[in-house]
Amino acid sequence: MARQKRDRNAASVSAPARSHSGRGTGAAQAESDHPIPVALPPIRSPQENSRCGFIALIGTPNVGKSTLINALVGAKVAIVSHKVQTTRMLLRGIAIAGRSQLIFVDTPGIFAPRRRLDRAMVASAWAGAHEADITGVLIDGQRGVDEHSIELLQKLAEIRQPKILLINKIDLVDKSVLLALARAANERSKFAATFMISALTGDGVADIKSWLAEHVPAGPWHYPQDQITDAPLRQLAAEITREKLYLRLHQELPYQSAVETDQWKELKDGSTRIEQTIYVERESQRKIVLGKGGQTIKAIGADARREIAEMIAAPVHLFLFVKVREHWGDDPDRYRGMGLEFPKQ
Ligand code: GDP
Ligand code: MG
């Protein structure tokens, strides 16, 4: 049941290196009397001994969950920002380690929620952890075990599945501090293993992968070998624009803004026409997003267009609109669009 739900809007983005090689294999197989197949079918999940599991990454906002997912997958699937709480939906990044397929779930940060949108995000993060086979708990090595992580560590007792402790940002801290931190966290919760990592430099990331490869449940792979995320392209494209928006306006813009992809059209010349709307809550915010003479929105559009084009490996015409939608934080439809449950209050 849980697994079925996970598949709901699966769409694939191929890993760059394998791009289209996995797609044409049906034809290669059909020519069975050909003595040497021209293109070998991709190696799917090995018949025997394969393993596959869901690993939720949880932690307070800004601890580096999205950066880590990207490092584990080896491609950018999640948006990273120094502005807190940019990840809203449960986004899956998929990696292969030996015989195992590891499906990482990026969750919104866990913090004390006040507004409705905050509550929906925190609930969705915990739901992600409860559904996973293994939960990776991130702690910021620089911040240490502060009051927010203490609360989180206490709540971990409710999660039955194995947990691993991931102390991140070790590039910023002294080794001696790390050991004390690992001890303090392990006293508060039971972890099957502890890793010291830097999601940014990639230090220690391979160790997590090999450990997980051995500890996820035995079973067939859930996704084709060349798939690296389950987010539909339109959603990823919206996330890219949202990231650019935050990068430009992190000071001025409250995080309660949303980007939706309204139109996605592949044109005859091989290019793609994409229309997106940026929703803000007030007219004053709309002006900020537009900028003087439309300069800000133009720059955001240029940044986003470049990255979306790279992602889909095709020229992109990106059209951005900015609309005011008051109280969209109380609109159930918007929550569904982000894959979140709408909290009753
Ligand atoms: P999330 O909110 O937990 O998803 O955190 P992000 O992945 O968006 O990262 C928040 C910020 O921390 C970004 O500016 C990242 O570049 C930074 N960051 C993440 N991991 C590391 C790390 O290992 N070392 C350092 N120095 N910065 C990191
Ligand atoms: Mg994030």
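Contact here means heavy atoms within 4.5 Å. This is a predicted model, so local features need pLDDT of at least 70 and side-chain atom pairs count only at pLDDT 80 or more, while totals for chains, interfaces and linings use all residues. Residues are numbered from 1 along each chain as its sequence is written, chains are lettered from A and ligands numbered from 1 in the order in which they are written, and side-chain values use heavy atoms, with hydrogens and water left out.

Start by selecting α9 (283–290) and α10 (295–312). Helices (H or I, at least four residues) and strands (E, at least two) are DSSP runs, numbered from the N terminus. The axes of α9 and α10 come within 5 Å and cross at roughly 60 degrees; axes are lines fitted to C-alpha atoms, for helices over the stretch in contact, and angles run from 0 to 180 degrees between N-to-C directions. That makes α9 oblique to α10. (Under 35 degrees is roughly parallel, over 145 roughly antiparallel, 65 to 115 roughly perpendicular, and the rest oblique.) Show side chains: Ile 288, Val 289 and Leu 290 of α9 meet Gln 295, Thr 296, Ile 297 and Ile 300 of α10.

Next, pick α3 (65–73) and α7 (205–215), whose axes come within 10 Å and cross at roughly 70 degrees. These two helices are therefore roughly perpendicular. On the α3 side you'll find Leu 68, Ala 71 and Leu 72, meeting Val 205, Ile 208 and Lys 209 in α7.

Stay on α7 and select Trp 211, along with Phe 195 in strand β6 (193–196), 16 residues apart. How are their rings arranged? The centres are 6.2 Å apart and the planes at 75 degrees, so the pair is edge-to-face. Rings of Phe, Tyr and Trp (its six-membered ring) pair if their centres lie within 6.5 Å; planes under 30 degrees apart count as stacked, over 60 as edge-to-face and the rest as tilted. A search of the whole structure finds one aromatic pair.

Strand β4 (134–140) and helix α5 (147–155) each supply at least two lining residues, with β4 giving the largest share, three.
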